[in-house]
Amino acid sequence: MDTHLHHNTPPHHDHHPESHFQSSESVRDVVIGMADGLTVPFALAAGLSGAILGTNIVVTAGLAEIAAGSIAMGLGGYLAARSELEHYQSEKKREAWEVVHKPEAEAAEIREVFEGYGLTETEIAPIIAGLERNPEAYVQFMMRFELGLEEPDPKRAIQSAVTIGVSYIIGGLIPLAPYVFLKSHGEAFRLSCIVTLLALFVFGFVKGRFTGSNSWRSALETAGIGGIAATVAYLLAKAFG
């Protein structure tokens, strides 16, 4: 990292955006995993209940779906994070080449950035000169302000896969739990609906608080989507079962 950046920027300004970025990514992973984990196994259990199958069949099918779903979702999160890192590295390599081989074009791009903030040529010139003395800082500046890219954490892919996978498993076990502990098919189905819709409502409310959206609207939307998915699966199984 450029020593000029450290001297000109307080340390907490360097670290706060990265911390905020990482925490928001983790929240997104939990949301992805929990949302699908609550909804898909719930819809599957409802569909099997509509076909009037025994609780043991619902549990077996549900566990198989949770296992497959958590692996698939976790793998998807891993590949997405890896692609993000590879894209960043590719763009950084390209910018490093352009800084060396196309300095005039890069300087023009910097002028365009700062002109957008109302700076004059006299004010911009020393900034360009300072960046040209430190190619690494130059590249970092272009990555952030020209391309709008933040450097991903190299560990992000594994963390994303684990977070999404575990969240999916936790979410999936909630609608399945009544079928494990109750022998009566009807009672298990009714309790699964109540518990899962309540979990979807709470999850949607918490998600709204984290994302900054209206918590009550988020709760109602999340519970509504899960309820609709389960209802459609149940009615289809009832009609064709």
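Biologist: How many helices and how many strands are there in the protein?

Modeller: The model is a predicted one. From the N terminus on, its elements run α-α-α-α-α-α-α-α-α. The count for the protein is therefore nine helices and zero strands.

Biologist: What percentage of the residues count as buried?

Modeller: A residue is taken as buried under 20% relative accessible area. The protein exposes about 13,900 Å², and carbon and sulfur atoms supply 65% of that area. Of the 241 residues, the share that counts as buried is 35%.

Biologist: Among contacts between residues at least 6 apart in sequence, what share joins residues at least 24 apart?

Modeller: A contact here requires heavy atoms within 4.5 Å. Among contacts between residues at least 6 apart in sequence, the share that joins residues at least 24 apart is 73%.

Biologist: Which residues make the nonpolar surface patch of about 350 Å²?

Modeller: One member, Ile170, lies in helix 7. Ile170 has a relative accessible area of 47%, so it is partly exposed. An α-helix has 3.6 residues a turn, so residues three or four places apart point the same way. The patch of about 350 Å² is made by Ile158, Val162, Val166 and Ile170.

Biologist: Is Met34 buried or exposed?

Modeller: Met34 lies in helix 2, residues 11-50. Its relative accessible area is 14%, and the cut-off for burial is under 20%. Met34 is therefore buried.

Biologist: Which residues is Met34 in contact with, leaving aside its neighbours within four places in sequence?

Modeller: The C-alpha atoms of Met34 and Phe203 are separated by 8.1 Å, although the two residues are 169 residues apart along the chain. Ile170, which lies in helix 7, is also among the contacts of Met34. With neighbours within four places left aside, the list is Ser167, Tyr168, Ile170, Gly171 and Phe203.

Biologist: Which residues does Ala45 touch, not counting residues up to four places away in sequence?

Modeller: Ala45 is found in helix 2, and at 3% relative accessibility it counts as buried. Its C-alpha atom is separated by 9.3 Å from that of Thr55, 10 residues apart along the chain. Not counting residues up to four places away, Ala45 touches Val58 and Tyr179.

Biologist: How many residues apart are Asp29 and Arg156, whose side chains meet in a salt bridge?

Modeller: A search of the whole structure finds five salt bridges. One of them joins the side chains of Asp29 and Arg156, with an N to O distance of 2.8 Å. The pair links distant parts of the chain, Asp29 being in helix 2 and Arg156 in helix 7, and the separation is 127 residues.

Biologist: Are Asp29 and Arg156 buried or exposed?

Modeller: Burial requires a relative accessible area under 20%. Both Asp29 and Arg156 are classed as buried.

Biologist: Which parts does the salt bridge between Glu136 and Lys92 tie together?

Modeller: The side chains of Glu136 and Lys92 meet at 3.6 Å, N to O. Glu136 is partly exposed at 37% relative accessible area, and Lys92 is partly exposed at 22%. The two residues are 44 residues apart in sequence, so the pair ties together helix 6 (residues 135-146) and helix 3 (residues 55-101).

Biologist: With which residue does Glu121 form a salt bridge?

Modeller: Glu121 lies in helix 5 (residues 121-132) and its partner in helix 4 (residues 103-115), so the pair ties together parts that are 10 residues apart in sequence. The closest N and O atoms are 3.2 Å apart, and the partner is Arg111.

Biologist: What is the C-alpha to C-alpha distance between Glu123 and Arg111?

Modeller: Glu123 is found in helix 5 and is partly exposed, with a relative accessible area of 42%. Glu123 and Arg111 are 12 residues apart in sequence, and their C-alpha to C-alpha distance is 9.9 Å.

Key. Residues are numbered from 1 along each chain as its sequence is written. This is a predicted model: local features need pLDDT of at least 70, side-chain atom pairs count only at pLDDT 80 or more; totals for chains, interfaces and linings use all residues. Side-chain values use heavy atoms; hydrogens and water are left out. Helices (H or I, at least four residues) and strands (E, at least two) are DSSP runs, numbered from the N terminus. Buried means under 20% relative accessible area, exposed over 50%, partly exposed in between (1.4 Å probe, protein chains only). Patches are made of residues with over 30% relative accessible area and no salt bridge: like charges are joined within 9 Å, nonpolar side chains (Val, Leu, Ile, Met, Phe, Trp, Tyr) within 5 Å. Accessible areas come from the Shrake-Rupley method with a 1.4 Å probe; for residues, only the protein chains shown count as cover. A salt bridge is a side-chain nitrogen of Lys or Arg within 4 Å of a carboxyl oxygen of Asp or Glu.
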